[in-house]
Amino acid sequence: MSAQYSFSPQFMLLSNITQFSPMFYLSSFPGLEAIKHWIFIPFFFMYMVAISGNCFILIIIKTNPRLHTPMYYLLSLLALTDLGLSVSTLPTTMGIFWFNSHSIYFGACQIQMFCIHSFSFMESSVLLIMSFDRFVAICHPLRYSVIVTGQRMVRAGLIVIFRGPVATIPIVLLLKAFPYCGSVVLFHSFCLHQEVIQLACTDTTFNNLYGLMVVVFTVMLDLVLIALSYGFILHTVAALASPEEQRRAFQTCTAHLCAVLVFFVPMVGLSLVHRFGKHAPPAIHLLMANVYLFVPPMLNPIIYSIKTKEIRRAIIKFLGLIKVSSEF
């Protein structure tokens with residue numbers, strides 16, 4: 001596969017590295033090196049929107065007492081996971097664009113893939129808890145304040161924080177025990193477990209099975225439970241008397257539903273490509289991985305700013321205060 005592309009002499013020095021090698025080579029955009037500076041523009045834009053947008057959401061929620069409610073605490077947690085996901089890929093991606101730095105030490109690669117997969121699992125957990133919050137708000141509105149309490153929010157937050165890292169640690173640590181020989185080139189600007197494990201020249205059945213189980217019992221289970229939540233929500237909304245009530249009720253879920261689709265569709269697509277599309281063109285793997293990691297953190301603050309009335313009002317008020325302060 002790598003014969004289709006022309007790599008730098010630095011990659012050629014890495015071509016026969018074994019288990020004693022401390023480095024991998026991040027190729028990032030195979031075959032597109034000539035237009036790499038043009039590719040930099042959309043990536044830089046996505047980083048700017050993702051980091052500034054999620055920071056802005058956090059500032060808005062923190063400075064507006066009216067938004068200190070369970071729903072917006074969950075939105076803050078979503079913004080934090082999106083920030084973590086963006087920052088996890090930032091050093092190597094921008095290092096390639098700005099400094100043409102393609103090499104990464106194995107330890108740094110482990111840390112990066114740990115952060116990427118942990119924040120991905122955390123985001124899946126946050127979206128699941130947000131779906132439960134919307135389910136209670138629509139299906140049991142009179143009991144919402146009793147069911148969704150501060151203590152339960154703290155417990156849910158702890159689950160979100162610890163579930164991803166705990167599930168990720170074993171497969172990341174086990175990579176250290178494998179020998180790596182032949183071509184140690186990665187076709188992205190960051191490290192993913194699905195790709196690194198394919199470079200090991202030994203039996204990796206346990207890692208593959210464990211990774212599949214983690215995905216099934218975290219991400220896929222979360223997706224099934226979210227779908228069940230929306231099944232109950234749709235049943236409740238359909239039972240409302242007037243179309244106007246139905247529209248208002250379902251409108252409270254549109255931002256979360258968009259966030260679910262933006263996150264899970266690329267993630268499922270990337271998992272399918274890595275599991276069953278080993279002979280697919282590298283461009284497909286590259287596109288799916290970049291969409292999965294860069295698009296959700298960029299779109300989520302935009303979605304919630306547009307679809308959530310309270311956030312829109314808070315943003316308008318915040319911008320108004322900035323304008324008034326600048327006049328003085």
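Predicted model: local features only at pLDDT ≥ 70, side-chain atom pairs only at ≥ 80, totals over all residues.
Student: How much space lies in the largest cavity?

Tutor: On a 1 Å grid over the protein atoms alone, a cavity is a set of points where a 1.4 Å probe fits but cannot get out. Grid points are joined across faces, edges and corners, and a volume is the space filled by probe spheres set on the points. The structure holds two cavities of 30 Å³ or more. For the largest cavity, the space comes to about 60 Å³.

Student: Which element gives the most to the lining of the largest cavity?

Tutor: Lining residues have an atom within 4 Å of a point, and among them here are Met71, Met130, Arg134, His256 and Tyr304. Helices (H or I, at least four residues) and strands (E, at least two) are DSSP runs, numbered from the N terminus. Two or more lining residues come from each of α3 (70–99), α4 (106–139) and α10 (254–276). The top giver, with three residues, is α4.

Student: How many of the residues in that lining are charged?

Tutor: Asp, Glu, Lys and Arg count as charged; Ala, Val, Leu, Ile, Met, Phe, Trp, Tyr, Cys and Pro as nonpolar; and the others, Gly among them, as polar. The lining of the largest cavity has five nonpolar and two polar residues, and its charged residues number two.

Student: Are α3 and α4 roughly parallel or antiparallel?

Tutor: Axes are lines fitted to C-alpha atoms, for helices over the stretch in contact, and angles run from 0 to 180 degrees between N-to-C directions. The axes of α3 and α4 come within 9 Å and cross at roughly 160°. Angles under 35 degrees count as roughly parallel, over 145 as roughly antiparallel, 65 to 115 as roughly perpendicular and the rest as oblique. So α3 and α4 are roughly antiparallel.

Student: Is the crossing of α8 and α9 left-handed or right-handed?

Tutor: Helix α8 (residues 205–238) and helix α9 (residues 243–251) have axes that come within 9 Å and cross at roughly 155°. A crossing is left-handed if the near helix is turned anticlockwise from the far one by less than a right angle, and right-handed if clockwise. The α3 and α4 crossing is left-handed, but for α8 and α9 the crossing is right-handed.

Student: Is Phe263 buried or exposed?

Tutor: Phe263 sits in helix α10, and its C-alpha atom is 8.4 Å from that of Glu123, 140 residues apart along the chain. Buried means under 20% relative accessible area, exposed over 50%, partly exposed in between (1.4 Å probe, protein chains only). At a relative accessible area of 0%, Phe263 is buried.

Student: What is phi of Asn100 near?

Tutor: Most residues other than glycine have a negative phi. Asn100 lies in the loop between α3 and β2 (103–105) and is partly exposed, with a relative accessible area of 46%. Its phi is positive, near 55°.

Methods. Residues numbered from 1 in each chain as written. Heavy atoms only, no water. 1 Å grid on protein atoms, 1.4 Å probe; cavity = no way out; pocket = protein on both sides within 12 Å on 5 of 7 lines; lining within 4 Å.
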